[in-house]
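I opened a new structure today and kept notes on what I looked up. The entries follow in the order I made them.

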Amino acid sequence: MYNIKNIFPTPVYIAKRDSDLIPKEEKEIEKIIQEGMQKNTGNSSSINSYIFKENLKELKQFCEQQLRIYVKDIINPKKGVDFYITQSWLTLNKPGEHLHSHCHANSIISGVFYVSIPENDKGGITFIDPNFKIREVIKFEQKGFTPWNSTSWYFPVNDNELILFPSWLHHRVDPNENATTDRISIAFNVFVKGVMGETLE
């Protein structure tokens with residue numbers, strides 16, 4: 001008899017919003033896109049990097065509610081600290097466009113809310129093990145993939161779904177496979193204020 005233990009797991013938090021976008025939110029998203037998009041490597045993002053400041057109030061509240069659960073259950077801070085959303089932006093993947101592998105600097109937690117995943121588009125998110133270069137020094141051909149032998153892990157996503165994860169975790173998105181419809185998501189970063197660490201006497 002034997003046991004296998006996970007000692008340093010990386011949390012990926014997934015929550016489904018109960019309701020679809022309301023007409024007001026759909027109009028605000030259209031307005032953000034119309035105000036201007038800037039071209040990135042493989043996709044486009046809104047020129048406005050703080051869209052939650054003036055738009056999508058109900059959606060921001062949902063993200064903040066889930067963020068509080070993430071902090072309580074995963075970080076579990078002892079002292080009074082306030083985790084808050086800093087930047088927030090809209091990402092657009094036109095047919096064939098993708099999102100290159102990257103992480104989010106100057107942030108503790110990052111989130112992606114999926115507004116619209118086109119039909120027949122995998123549209124998921126792939127996370128990359130930060131230790132993959134070390135783990136691939138000796139590489140075996142595997143019969144199948146498990147959380148212990150994989151250097152990346154793919155999560156399918158759906159409309160109105162939120163994913164929260166540590167900002168240091170590299171991630172990418174495969175090309176939009178739908179020939180006519182854009183993939184739309186909203187990303188944001190989270191930082192903290194308050195008392196951190198112990199007081200030295």
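I read the protein along its sequence and wrote down the pattern β-α-β-β-α-β-β-β-β-α-β-β-β-β. I listed 3 helices and 11 strands, taken as DSSP runs numbered from the N terminus (helices H or I, at least four residues; strands E, at least two).

I noted that this is a predicted model, where local features need pLDDT of at least 70, side-chain atom pairs count only at pLDDT 80 or more, and totals for chains, interfaces and linings use all residues. Residues are numbered from 1 along each chain as its sequence is written, and side-chain values use heavy atoms, with hydrogens and water left out.

Next I looked at helix α2, residues 57–75. Its 19 residues reach 26 Å from first C-alpha to last, close to the expected 27 Å (1.5 Å times one less than the number of residues). After α2 comes Asn 76, with a positive phi near 55 degrees.

Which residues of α2 are buried? I found Leu 59, Phe 62, Cys 63, Gln 66, Leu 67, Tyr 70 and Val 71. Buried means under 20% relative accessible area, exposed over 50%, partly exposed in between (1.4 Å probe, protein chains only). Their cover includes β1 (13–16), α1 (23–35) and β4 (81–93).

I then checked for disulfides (pairs of cysteine sulfur atoms within 2.5 Å). The search of the whole structure gave 0. Cys 63 is buried at a relative accessible area of 0%, whereas Cys 103 is partly exposed at 33%.

Last, I noted that buried residues make up 39% of the 201 residues.

Conventions: Contact = heavy atoms within 4.5 Å.
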